[in-house]
Amino acid sequence: MRVAAIDLGSNSFHMLLAEILGPNSFETVLQDKMMIQLGKTALVTGRLDPQAMERGLRCLDEFRRMALARRVDRTLAVATSAIREAENGEEFLRRAREESGLSV
């Protein structure tokens with residue numbers, strides 16, 4: 001089984017693709033990181049910056065394509081507090097679902 005884990009951080013988004021070899025064993029297939037700076041203004045204003053949101057959505061779409069190309073069976077994406085606590089964080093999560101198909 002091949003899985004992808006995506007961390008939507010305040011500063012950068014990370015993705016790890018791994019092949020599960022056994023109950024306690026996996027092999028890394030791919031690691032990638034993109035600087036998004038989604039939380040840069042959110043920590044001050046309480047809102048995600050529109051340009052940063054666009055960067056984040058493009059990154060998620062790219063991560064999705066990379067996962068599909070490597071035949072990932074399951075993807076888990078989690079958001080950090082910058083997204084969860086922002087006034088417009090739900091909007092970002094909704095757009096991520098609609099535009100990339102990823103449920104965060």
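In what order do the 4 strands of the open sheet run? The order is E3-E2-E1-E4, and the pairing is mixed.

This is a predicted model, so to speak: local features need pLDDT of at least 70, side-chain atom pairs count only at pLDDT 80 or more, and totals for chains, interfaces and linings use all residues. Numbering starts from 1 along each chain as its sequence is written, and side-chain values use heavy atoms, with hydrogens and water left out.

View 1. Strand E3 (25-35) and strand E4 (74-79) sit at the edges, each pairing on one side only. Strands here are DSSP E runs of at least two residues, helices are H or I runs of at least four, both numbered from the N terminus, and two strands pair if DSSP finds at least two bridges between them. From one strand to the next, the twist averages 15° (axes are lines fitted to C-alpha atoms, for helices over the stretch in contact; angles run from 0 to 180 degrees between N-to-C directions).

**View 2. E2 alongside E3, with H2 packed on the sheet.** Strand E2 (residues 12-22) pairs with E3 in the antiparallel sense, over 10 bridges. Look for Ala18, which stands opposite Thr28 in E3. Helix H2 (residues 50-69) touches strand E1 (2-8), E2 and E3, and its direction makes about 20° with that of E2.

**View 3. Arg47 in its loop.** Arg47 is found between helix H1 (39-45) and H2. Setting aside neighbours within four places in sequence, Arg47 is in contact (heavy atoms within 4.5 Å) with Thr41, Ala42, Ala86, Glu87 and Asn88.
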